[in-house]
Amino acid sequence: MEPISFALLESNFQSKIDRDIKIEPKDWMPDDYRQTLIRQISQHAHSEIVGMLPEGNWITRAPNLRRKAVLLAKVQDEAGHGLYLYSATETLGADREELIDDLHEGRAKYSSIFNYPTLSWADMGAIGWLVDGAAIMNQVPLCRCSYGPYARAMVRVCKEESFHQRQGFEIMMSLANGSPEQKEMAQDALNRFWWPALMMFGPNDATSKHTAQSMKWKIKRHTNDELRQQFVDVTVPQAELIGLTIPDENLKWDKKTNHYITSPINWDEFWQVVNGNGPCNKERIDARKKAKENGKWVRDAAMAHAVKRSAINLLTA
């Protein structure tokens with residue numbers, strides 16, 4: 001029997017994608033597809049884990065017990081999201097420890113938004129409302145990603161991110177309806193996080209080197225600029241509803257396109273942060289390295305226990 005040609009395998013693979021049939025771990029797939037997924041899913045996992053840091057900074061300083069409990073639950077959710085996603089990369093043959101080492105050594109990226117400091121309690125609202133709102137906009141289409149394990153993981157992730165977004169908006173609404181000082185705090189948080197939130201969707205379509213192929217493979221369903229526009233169109237009315245002002249003097253509604261027009265994004269700032277020169281890049285990576293070092297004894301103990309249990313099972317089999 002003659003071996004199946006690569007061209008035929010690739011044709012059958014693309015045909016399944018075109019018919020919206022999920023690709024599963026044991027299915028044949030091009031190596032470029034596999035590597036693209038590992039890069040994207042691991043970057044997503046890193047972002048969830050690193051994203052715990054700016055919020056964890058405020059758990060002990062939450063203004064009341066309810067806020068503390070909700071923030072604790074949110075940070076716990078993000079840890080779970082990271083674990084789901086690392087597990088998804090393992091179905092593609094990736095090694096979790098190698099992926100984490102890539103993050104720590106600067107070979108892997110995570111969302112640029114988490115390299116900005118959280119200076120006030122209002123930042124917890126801005127992160128939930130804007131950052132998780134942008135994440136939902138980006139991740140809901142991933143529930144229809146062509147790779148099955150990633151798509152299924154995203155269903156639960158998106159449900160929990162929806163809770164995070166509502167939690168953040170509720171904080172901002174409470175502050176905006178509070179004292180003048182509280183409203184000023186909310187506006188300041190919006191001013192600082194608005195542009196980094198828009199940058200979360202990645203480079204514009206003209207300079208995005210992965211978008212076209214990811215769209216063909218149905219890893220992505222929308223371009224970066226399409227998702228960014230959707231986010232702007234949804235978020236601007238929300239800000240108006242609670243009496244906050246989007247920090248963009250050129251923002252306006254275009255009746256012809258039925259979309260908001262914004263000022264150009266400062267892409268120089270985006271690339272500076274992505275390449276490790278943001279306000280908190282070094283602090284974030286140092287924290288993750290320290291966490292891994294401090295947790296080594298737990299991993300060693302768990303491995304020793306697993307070896308012991310395996311030996312006992314062999315003796316009693």
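Guide: In helix H11, the buried residues include Phe270, Val273 and Val274. Viewed down the helix axis, the buried residues of H11 fall within an arc of 95°, so they line one face of the helix. This is a predicted model, and the side-chain atom pairs discussed here count only at pLDDT 80 or more. The partners of that buried side are helix H8 (180-199) and H12, against which the buried residues of H11 pack. On the face turned away from the buried side, H11 carries the exposed residues Asp268 and Asn277.

Asp268 also has a part in the N-terminal end of the helix. Asn266 caps that end of H11, with a side-chain oxygen 3.2 Å from the backbone nitrogen of Asp268.

One further residue of the helix deserves a separate look. Gln272 has its place in H11, which runs over residues 267-277. Gln272 counts as partly exposed because its relative accessibility is 43%, and the band for that class lies between 20% and 50%. Leaving aside residues up to four places away in sequence, Gln272 touches Asn277 and Gly278. Asn277 is one of the exposed residues on the face of H11 turned away from its buried side. From Gln272 to Pro54 the C-alpha atoms are 19 Å apart in space, while the two residues are 218 apart in sequence.

Now to the empty space. Rolling a probe the size of a water molecule over the atoms shows where such space is left. The second largest pocket holds about 310 Å³. Helix H4 (65-90), helix H5 (96-104) and helix H12 (281-294) are the elements that each give two or more residues to the lining of this pocket. H12 is also one of the helices against which the buried residues of H11 pack. H5 gives the most to the lining, with five residues. In total, 15 residues line the second largest pocket, and Ile49, Tyr86, Ile100, Arg288 and Arg299 lie nearest its centre. By class, the lining has eight nonpolar, two polar and five charged residues.

The largest cavity has a volume of about 40 Å³. Its lining consists of Ile17, Asp20, Ile21, Lys22, Arg144, Cys145, Ser146, Lys218 and Arg221. Those lining residues divide into three nonpolar, one polar and five charged.

Notes: Residues are numbered from 1 along each chain as its sequence is written. This is a predicted model: local features need pLDDT of at least 70, side-chain atom pairs count only at pLDDT 80 or more; totals for chains, interfaces and linings use all residues. Side-chain values use heavy atoms; hydrogens and water are left out. Helices (H or I, at least four residues) and strands (E, at least two) are DSSP runs, numbered from the N terminus. Buried means under 20% relative accessible area, exposed over 50%, partly exposed in between (1.4 Å probe, protein chains only). Contact means heavy atoms within 4.5 Å. On a 1 Å grid over the protein atoms alone, a cavity is a set of points where a 1.4 Å probe fits but cannot get out, and a pocket is an open set with protein on both sides within 12 Å along at least five of seven lines; lining residues have an atom within 4 Å of a point. Grid points are joined across faces, edges and corners, and a volume is the space filled by probe spheres set on the points. Ala, Val, Leu, Ile, Met, Phe, Trp, Tyr, Cys and Pro count as nonpolar, Asp, Glu, Lys and Arg as charged, and the others, Gly among them, as polar. The arc is that of the directions from the helix axis to the C-beta atoms. A polar contact is a pair of N or O atoms within 3.5 Å; within protein, one must be able to donate a hydrogen and the other to accept it, and residues adjacent in sequence count only if both atoms are side-chain atoms.
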